[in-house]
Structure formats: structure tokens, C-alpha cells
Amino acid sequence: MSLFKRSGMWADVSPTGMIADFREVWRQAGGNRWRFAAVAAVCTFGVFYVMMGQEASAPHHPPKVTYITVFPAHRTDAEIEASNIANQKRKEALALDRARRDADVRNLYKELGRWSGMDVDKIAREADAQNAAEKKAELEAIRKRRQEANAELAAEGKPTAAPAAPASPPQ
């Protein structure tokens with residue numbers, strides 16, 4: 001009885017047979033055996049040399065979260081509401097400024113297109129039509145996903161999650 005029981009693919013492997021096969025192939029190679037051995041060694045070395053240049057890293061550790069509180073804990077509801085309103089006004093002013101800059105850039109490109117002899121009005125109409133079609137397709141996909149989710153919830157006897165999306169984009 002052997003010390004280790006061979007199972008699976010190792011059941012058919014015999015080290016003595018492997019050594020005997022290697023000796024036979026070595027004898028059959030004749031005078032070229034050293035060349036074959038050298039080519040095999042160079043190929044093996046080349047593969048390992050290329051693999052040494054590869055770099056792999058383990059997944060990063062999750063970041064350590066440090067909570068920073070910048071608001072005093074004793075703020076009143078009125079103070080919170082006032083800071084929210086001020087923040088919303090600041091966000092709207094930034095959005096308006098960005099919209100103005102985007103419009104200026106669009107106007108510059110339109111002027112450049114006119115100087116180049118392009119029909120920029122036609123291009124703008126086509127782009128608007130394409131954007132509207134994409135938005136409509138996106139809303140339709142959202143509506144369809146919501147209907148499917150609601151149908152699944154209804155089949156399970158649970159209340160539906162949300163109503164379907166509006167038919168047209170909000171103005």
C-alpha cells in the first residue's frame with residue numbers, strides 16, 4: 001500500500017514511465033539533442049523573462065473613512081434651512097454661469113462654422129432632433145423598466161414601487 005493514494009488525473013501518471021519516455025526521446029534526438037535542449041531552455045527563459053516584467057497588484061484595501069463635522073451640532077432648523085437656501089442659490093448661480101459659458105462656446109463654434117461655409121443652423125436642428133430622440137428613448141426605457149418592476153411586485157403581492165415615467169420630458 002502506498003503512502004499517498006493517487007486520484008483524478010494523477011492516477012495515470014507514473015514518474016518511472018515519465019523518466020523512461022524522456023530517455024527514449026533523448027536517444028532518438030541523435031546529434032541535435034543539445035540544440036533542442038538549448039532552444040527549449042531559451043524559450044522557457046524568454047517566457048519567464050517576459051513574465052517578470054508583468055506587474056500585478058492585489059485589490060486595494062478599502063479606504064479608511066474619517067468623518068468630519070463642519071456644522072455645529074446645536075444648529076436650529078431655521079439655520080439649517082437658511083444654509084440650504086444659500087447653497088441652492090450658489091448652485092443655481094454656478095449652473096447659470098456654466099450655461100452662459102457653454103452658450104458662448106457654441107456661438108463661437110457656430111461662427112467658425114459659418115466662416116467655413118457650413119450650414120450650422122441645419123447641423124443644430126439635426127443635433128437637437130437627435131438629442132430629443134435619445135431623451136425619448138431613455139424615458140421609454142425607464143418607463144418600461146418601471147412597468148416590469150411593478151408587474152413583478154404585483155405578481156408577488158407587494159405594493160408597486162413608483163408610477164411610470166411621464167410621457168414627455170419635463171419642460
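Predicted model: local features only at pLDDT ≥ 70, side-chain atom pairs only at ≥ 80, totals over all residues.

Residues are numbered from 1 along each chain as its sequence is written, and side-chain values use heavy atoms, with hydrogens and water left out.

Select 77–116, which is helix H3 (helices are DSSP runs of H or I with at least four residues, numbered from the N terminus). H3 has 40 residues and reaches 58 Å from its first C-alpha to its last, close to the 58 Å expected at 1.5 Å a residue (1.5 Å times one less than the number of residues). Gly117 follows H3, with a positive phi near 90°.

H3 and H4 pack at an angle of about 130°, their axes 9 Å apart (axes are lines fitted to C-alpha atoms over the stretch in contact, and angles run from 0 to 180 degrees between N-to-C directions). Lys110, Gly113 and Arg114 of H3 make the contact with Val120, Asp121 and Ala124 of H4 (heavy atoms within 4.5 Å).

Finally, select Arg106, Tyr109, Lys110, Gly113, Met118, Val120, Ile123 and Ala124, which line the largest pocket (on a 1 Å grid over the protein atoms alone, an open set of points where a 1.4 Å probe fits, with protein on both sides within 12 Å along at least five of seven lines; lining residues have an atom within 4 Å of a point). H3 gives the most to this lining, with 4 residues.

Note on methods:
Helix = DSSP H or I, 4+ residues; strand = E, 2+ residues; numbered from the N terminus.
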